[in-house]
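Here are my notes for your first read of this model. Please keep the sequence and the 3D view open while you go through the points.

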Amino acid sequence: MGDYTRMSKYYDLIMTSGYYDYDAIVNHLAEFDQAQSVLEIGSGTGLILQRLVARRPALRLAGIDLTQAMLDIAIDRLSSHPQITMHRQNVTTLSLDRSYDLAYSYGGVWYFVRGAGPQDYTMISHIRDEQENQQGFERVAEHLSVGGTLLLGVQSPHLDYATPVANDMEYSQRITPIPEGFRKCYELADAGRVVMGQTIDYRTYSFDAAIELLDKCGFEYRGPVAPASLFLEFCKR
């Protein structure tokens, strides 16, 4: 699984420069007003949780991440919200002392990218090993109430590109196919000098293979949350 220690110092700068639309993400999550407890899988520096607690302060929230440097930033960011707990955990061995009504991952451990058609999706995983992906989904299922909801984010396909992020800084990424997935090289340059480089390998699943895997782990596919949704919805059986 990818470790984002090198990126952690610059993560907020990159992510809030147009990489994600955080308001749109939280708008989708806030629609699940029946959920009173929510778990984020791969919370990074807490940018989504920060906005979600502002929208729904009565929620009991938790976030997990594997990268301690990311988690440290999130803990500091969210320190004034006692209803949020943060945990350094690997999802493949996830062990928390409570269950949740809703769990989600947007660019975290798992997510989908859109294809050409309305039902054409590919699942992306930060976990390269097949068995560990199954273990991760099984552990998430164990932490969801029966009838609970799992939301996996939907993004545009990964492409090579470069874009300015602040002052003379430029973010770029390069995508290289590898067996059963792809390699993504992130780079941040300041006035032409590289200040951050990070390489992560991802596994990909066809839509049918992803649905089969999730079904095996106790999740029923419900479809997109809404037209042009940022999430696909699954229900814990």
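1. Rings of Phe, Tyr and Trp (its six-membered ring) pair if their centres lie within 6.5 Å; planes under 30 degrees apart count as stacked, over 60 as edge-to-face and the rest as tilted. Across the whole structure, a search finds 17 aromatic pairs.

2. This is a predicted model, in which local features need pLDDT of at least 70 and side-chain atom pairs count only at pLDDT 80 or more, while totals for chains, interfaces and linings use all residues. Residues are numbered from 1 along each chain as its sequence is written, and side-chain values use heavy atoms, leaving out hydrogens and water.

3. Look at Tyr20 and Tyr22, which form an edge-to-face aromatic pair, 5.9 Å centre to centre with 80 degrees between the planes. Both Tyr20 and Tyr22 are buried (under 20% relative accessible area, with exposed over 50% and partly exposed in between; 1.4 Å probe, protein chains only).

4. Tyr20 also forms an edge-to-face pair with Tyr106, at 5.2 Å centre to centre and 80 degrees between the planes. This pair links distant parts of the chain, 86 residues apart: Tyr20 is in the loop between α2 and α3, Tyr106 in the loop between β4 and β5. Helices (H or I, at least four residues) and strands (E, at least two) are DSSP runs, numbered from the N terminus.

5. Why does Tyr106 count as buried? Its relative accessibility is 9%. For Tyr20 the value is 15%, so Tyr20 counts as buried.

6. Ring pairs join a cluster that includes Tyr4, Tyr19, Tyr20, Tyr106 and Phe231.
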